[in-house]
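I opened my notebook to go through this model one feature at a time. Here is what I looked up.

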Amino acid sequence: MRTTKAARLLAAAVTALALLTACDGGTGDHEGATRVGKAPVQPRAAKPRVNVLPGMPPVDDPADLYSADRPNRLSPVVAGFPSRVYVPNTNSDTVTVIDPATYRVVDTIPVGRQPQHVVPSWDLKTLWVNNDLGNTLTPIDPRTGRAGRPVDVHDPYNLYFTPDGRYAVVMASMDRQLVFRDAHTMKTVKTVPVACYGVNHADFSIDGRYFIVSCEFSGELLKVDTARMEVLGKEKLPLRGAMPQDVKVSPDGKLFYIADMMADGVWILDGDKFTRPRLLATGKGAHGLYVSRDSREMYISNRGEGTVSVFDFTRDRLTRKWRLPGGGSPDMGGVSADGKVLWLSGRYNSEVYAIDTRTGAQLARIGVGNGPHGLAVYPQPGRYSLGHTGVFR
């Protein structure tokens, strides 16, 4: 009897202890249990993925497609490239080379007739000079600064690259064509006639599946399917005499901004819907668009009044306007690798401007050839180039 009674008491004690442990959560490894003094482990939210064009590098941050362009985050491909500013002089048929550290001209390279833009290749290894009336592209090795043998390409007003790196897209402005060419050999793959006049600038959607093109002389925009190499739609800008210029997509990929030199401002377009855009007035002769290294701001060159407007993406408004001392004609350019200097060509003044991006102060005004246009600051941060004077992702 004593043995039976003792056994019952022991069993009761074990049961009570188990119940007590279950009630207070204990120190076991039960899933979801909370330890004293520690926050519960939260499951990691899956990072949203963008369904990109096949062959295109993935979008690292869907909230900021410029996240790879942070200060001095240079690709290993450009390691050892000297920092230079390459200025195509349309009326001098030359490219002026500037050392940005000293603000001095270090070289002048003869090229073809009427060079319009200096364009970094998709793989970052070559700079292509667009000799518009010369009907050639002159390659420059950015490691040595030496020009190579010109390549025959008809009417190369401007040049872009598809995000997968397969094709170069020539903006054949006077031919009224978009010409898709092999990105390395420049051999024609497909010629796309367009029903607008003066195709000149473009930018790609966040997924790379389409791009928006400005038509300068007919005041229109095109939406083009990248993979199919076909025009999806055409939109007439709601202003008589509109002359759209540079195109830039917002960091989150939701909107496109199109500078218009006759509207004196920037059109803001929903690229997916491709409906009527709205106009943001910036200044006379709005022309070039450049995103800051932190993706917070966009610099807008107002060529007709010698100013630069600063646009805040988050606040959707202009915050500052910088005036060049003595005026000028700020046109195309780019931002330095460290993000501290905005470089712009002075289209009608045979000069180049270096502007402090923190204060808007002019750091230098450098004499170059006649008719400086689409200058390229190189190298710049980014994994690959989409063309123009340096549109990097």
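Which way do Thr307, Ser309 and Phe311 point from E23, and which way do Val308, Val310 and Asp312? I found that Thr307, Ser309 and Phe311 point one way and Val308, Val310 and Asp312 the other way, and all are buried. Buried here means under 20% relative accessible area, with exposed over 50% and partly exposed in between (1.4 Å probe, protein chains only). In a regular strand the side chains alternate between the two faces of the sheet.

**Ground rules.** I noted that this is a predicted model, where local features need pLDDT of at least 70 and side-chain atom pairs count only at pLDDT 80 or more, while totals for chains, interfaces and linings use all residues. Residues are numbered from 1 along each chain as its sequence is written, and side-chain values use heavy atoms, with hydrogens and water left out.

I checked the cover on E23: 6 of its 6 residues are buried. Strands (E, at least two residues) are DSSP runs, numbered from the N terminus. Two strands pair if DSSP finds at least two bridges between them. On one pairing, strand E22 (residues 297–302) meets E23 in the antiparallel sense over 6 bridges, and Asn302 has Thr307 as its bridge partner. The E22 and E23 hairpin has 4 residues between the strands, and Gly306 there takes a positive phi near 70°. I then looked at E24: 6 bridges join it to E23, again running antiparallel. Val310 stands opposite Arg320 in E24. This hairpin also has 4 residues between its strands, and Asp316 in the turn has a positive phi of about 55°.

**Aromatic rings.** I got 13 aromatic pairs for the structure. Rings of Phe, Tyr and Trp (its six-membered ring) pair if their centres lie within 6.5 Å; planes under 30 degrees apart count as stacked, over 60 as edge-to-face and the rest as tilted. Tyr257 and Phe313 have ring centres 5.7 Å apart and planes at 70°, so I logged them as edge-to-face. This pair links distant parts of the chain, 56 residues apart: Tyr257 is in strand E18, and Phe313 is in the loop between strand E23 (307–312) and strand E24 (317–323). Phe313 also pairs edge-to-face with Phe311, 5.7 Å centre to centre and 90° between the planes. I looked up their cover too: Tyr257 is buried at 3%, Phe313 at 13% and Phe311 at 0%. Elsewhere, ring pairs link Tyr167, Phe180, Phe204 and Phe211 into a cluster.

**The sheet with E18.** I followed Tyr257 back to its strand. E18 (residues 255–260) pairs with strand E19 (residues 265–270) in the antiparallel sense over 6 bridges, and Tyr257 stands opposite Ile268. The open sheet has 4 strands in the order E17-E18-E19-E20, with antiparallel pairing. Its edge strands are E17 (244–249) and E20 (278–281), each pairing on one side only.

**The disulfide.** How many disulfides does a search of the whole structure find? I found 1, where a disulfide is a pair of cysteine sulfur atoms within 2.5 Å. It joins Cys196 to Cys215, S to S 2.0 Å. The link of Cys196 and Cys215 is left-handed, with -55° about the S-S bond. Cys196 is buried at 1% relative accessible area, and Cys215 is buried at 0%.
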